[in-house]
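Below, each one is put to the test.

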Amino acid sequence: MPSNLLAAIDLGSNSFHLVVARVLDGRMQIVDRLKERVRLAEGMDENKCLSEEAMQRGLNCLGLFAERLSGFKPDAVRITGTYTLRAASNAQVFLDRARALLHHPINIISGQEEARLIYQGVAHTQHLDGRVLVIDIGGGSTELIIGERFTPLALTSRKMGCVTFNKQFFTNGKLSDKNFNAAILEGLHQLEPILTQYQTLGWESCLGSSGSIKAVRELLVAHDDDGVITLSQLEQLKSRMIAQKRIEQLDLPGLTEDRRPLIAAGVAILIALFQGLGIE
């Protein structure tokens, strides 16, 4: 195994990701990516207990990752778990089985640390001009960061994710004003504690960094929009979804099969963010 290879695994609430990179002259070059939607948060009940089925989906994915990690030195691999593995009452059961598969330690990181790492990822891959608000909608939580260049000025993780909101507000599969409004209201409630700090700091531009936000952008582009997300476009998208009545019947240009189950929850969270924070 070449000594300049590094691997990172993100055990998210919706997807597990593995990225392998080569370090050349101090710079990272991605050589391999694996991503599997395991829907871990979907298997967490009201007592925050993960089902055996959800754990098995995750372990099946990690079996594939383990093959790719064969031969990597211990200090060349970093594995982190996020919202669902922070919240689940029986997370330790899953982690013990996962470690036995991967043969590397797994770090469960706080919401603040998750937000910090998201911002570092964006800052090192995008040209950031002035003060920026970065938004990442995950399966179990949404991270919001205000920063300048490589320095985060405010970091938060709110309990609103596309998997958990889907389970909470769209479990009947109905696309209705009632379901959307209940999800948006809860999103606004989750934002309340940070509104004053974030609005006082302010920002000049806003970037979205997650799969949900990219999926919304694809829908807008397929609908002949320029791909810049605005509140009025989100409201129109919500209306187009409601007109189709049910999640399993959603047929929108640009919507992929794997994104269909969670797109309504993602749009509801985005609307709450735009309304609550006054994003343009």
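Q: What makes strand E4 largely enclosed by the rest of the structure?
A: This is a predicted model. Buried means under 20% relative accessible area. In strand E4 (residues 77-81), 4 of the 5 residues are buried, so the rest of the structure largely encloses the strand.

Q: How do you know that E1 and E4 pair?
A: Pairing takes at least two bridges between two strands. Strand E1 (residues 5-11) is joined to E4 by 5 bridges, and the two run parallel. One point to look at is Ala8, which stands opposite Arg78 in E4.

Q: What makes E4 and E5 a pair?
A: The cut-off is at least two bridges. E4 and strand E5 (residues 107-108) have 2 bridges, in the parallel sense. Thr80 has Asn107 in E5 as its bridge partner. Gly81 is partnered by Ile108 in E5.

Q: What is the strand order of the open sheet, and what is its pairing?
A: The order is E3-E2-E1-E4-E5, 5 strands with mixed pairing. Strand E3 (27-37) and E5 are the edge strands, since each pairs on one side only.

Q: Which strands does helix H1 lie across?
A: Helix H1 (residues 52-69) lies across E1, strand E2 (15-24), E3 and E4. Its direction is at about 15° to E2.

Q: Why is Thr142 called buried?
A: The limit is under 20% relative accessible area. Thr142 has 0%, so the residue is buried. Thr142 lies in strand E7 (residues 142-148).

Q: Which residues is Thr142 in contact with, leaving aside its neighbours within four places in sequence?
A: They include Ile135, Asp136, Ile137, Thr156, Arg158, Ile269 and Leu273.

Q: Which residues of H9 are buried, and what covers them?
A: Gln233, Leu234, Leu237, Lys238, Arg240, Met241 and Ile242 are buried. Their cover includes helix H6 (177-191), helix H8 (211-222) and helix H10 (263-277).

Q: What follows H9?
A: Lys245 follows H9, with a positive phi near 70°.

Definitions and conventions. Residues numbered from 1 in each chain as written. Predicted model: local features only at pLDDT ≥ 70, side-chain atom pairs only at ≥ 80, totals over all residues. Heavy atoms only, no water. Buried < 20%, exposed > 50% of the residue type's maximum accessible area, 1.4 Å probe, protein only. Contact = heavy atoms within 4.5 Å. Axes fitted to C-alpha atoms, helices over the stretch in contact; angles between N-to-C directions.
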